[in-house]
Amino acid sequence: MFRKAPSSVAFKKLRKRLLRNVRAAMDDFNMTTRKQKFLVCLSGGKDSYALLALLLDLKWRGVLDADLLACNLDQAQPGFPSDVLPRFFEEHEIPYHIERQDTYSIVKEKIPEGKTYCSLCSRLRRGNLYRVAREHGCDAVLLGHHRDDMLETFFLNLMHGGRLATMPPKLKNEEGDLMLFRPLAYCEESDLEKFATLMQFPIIPCDLCGSQDGLQRQQVKAMLQGFEAQHKGRTQVMFRALSNIRPSHMLDPKLFDFQGLSIDDERAGADDDDGEGCGAVSALAESFLAMHED
């Protein structure tokens, strides 16, 4: 897949950085404990192409001991170029499976016009991918969600779901027979976009939800991009906070025994973090309010 890749120093640095991020995520979350078979899901977007390419690169380097099966779920969207991905897989001699299921009609039927399709579409897609993984003897399903996806999901849950949660890099399905991995957890979307452009992947746009204006995720993305423009590196700090959680400094009695905490408790305490970063917090709060002025 890399035989036509640019030979520039900039591309080599980008490739190395992405590989390092993928290896770090897979190591940190113990995604490669033994010889496995992965179902690598491709939508035709930049992120999933990059995921497959980086996994193949790790296999070529001898640091990933896993069999890869590329899979595309053709959701029967009108005008979907169903020949693009099979041609890409065959050109690069990549084992693949195309699963055609008309989830498009179900989503259009169930979701009123103007409402967000993503939730139902995602559930239907995930169910079909788990089934395909079982049929092909796969141990895990791999998705192309990246750092920015996870940060956006955190703020969506915070602002609209009333909970602190995001996409975990590693998850067991409800049935308990498959794992779900997100090896791009540490990769920035901007890096993946540059990588996909330089690799000249045949990108297929998602016309089902891509044409919907005013999606909550798009609003959050714009908010974070604006915040990053004002404070370079701030989104990376926010993302780092997702792995630096202090239950004793939150308000969830299910995670920390506040009832049992007393002056006689042997657990050591810590001063409140009540001042550091107040300016950044205030700016973030103003962004929240601006998104909901109407």
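Helices (H or I, at least four residues) and strands (E, at least two) are taken here as DSSP runs, numbered from the N terminus. On that basis the protein has ten helices and six strands. This is a predicted model, in which local features need pLDDT of at least 70 and side-chain atom pairs count only at pLDDT 80 or more, while totals for chains, interfaces and linings use all residues. Residues are numbered from 1 along each chain as its sequence is written, and side-chain values use heavy atoms, with hydrogens and water left out.

Of the 294 residues, 41% count as buried, a class that means under 20% relative accessible area, with exposed over 50% and partly exposed in between (1.4 Å probe, protein chains only). The protein exposes about 17100 Å², an area from the Shrake-Rupley method with a 1.4 Å probe, where for residues only the protein chains shown count as cover. Carbon and sulfur atoms supply 50% of that surface. Among contacts (heavy atoms within 4.5 Å) with a separation of 6 or more, 75% join residues 24 or more positions apart.

One helix pair can be followed in detail. Two packed helices are described by the angle between their axes and the distance between the axes. The axes are lines fitted to C-alpha atoms, for helices over the stretch in contact, with angles from 0 to 180 degrees between N-to-C directions. For α2 (residues 46-60) and α7 (residues 189-199), the axes come within 9 Å and cross at roughly 80 degrees. That makes α2 roughly perpendicular to α7, the term for 65 to 115 degrees. From α2, K46, D47, A50, A53 and L54 meet E189, L192, E193, F195 and A196 of α7.

The loop between α7 and α8 (216-230) holds Q200. Its phi is near 60 degrees, a positive value in a residue other than glycine. Most residues other than glycine have a negative phi. Q200 counts as exposed because its relative accessibility is 64%. Another positive phi, near 55 degrees, belongs to N30, in the loop between α1 (9-28) and β1 (36-41). N30 is at 43% relative accessibility and so counts as partly exposed.

On the surface, L158, L164 and M250 form a nonpolar patch with about 250 Å² of accessible area together. Patch residues have over 30% relative accessible area and no salt bridge, and nonpolar side chains (Val, Leu, Ile, Met, Phe, Trp, Tyr) are joined within 5 Å, like charges within 9 Å. A salt bridge is a side-chain nitrogen of Lys or Arg within 4 Å of a carboxyl oxygen of Asp or Glu. M250 sits in the loop between α9 (234-241) and α10 (278-291), and is partly exposed because its relative accessible area is 38%.

Notes:
Parallel < 35°, antiparallel > 145°, perpendicular 65-115°, else oblique.
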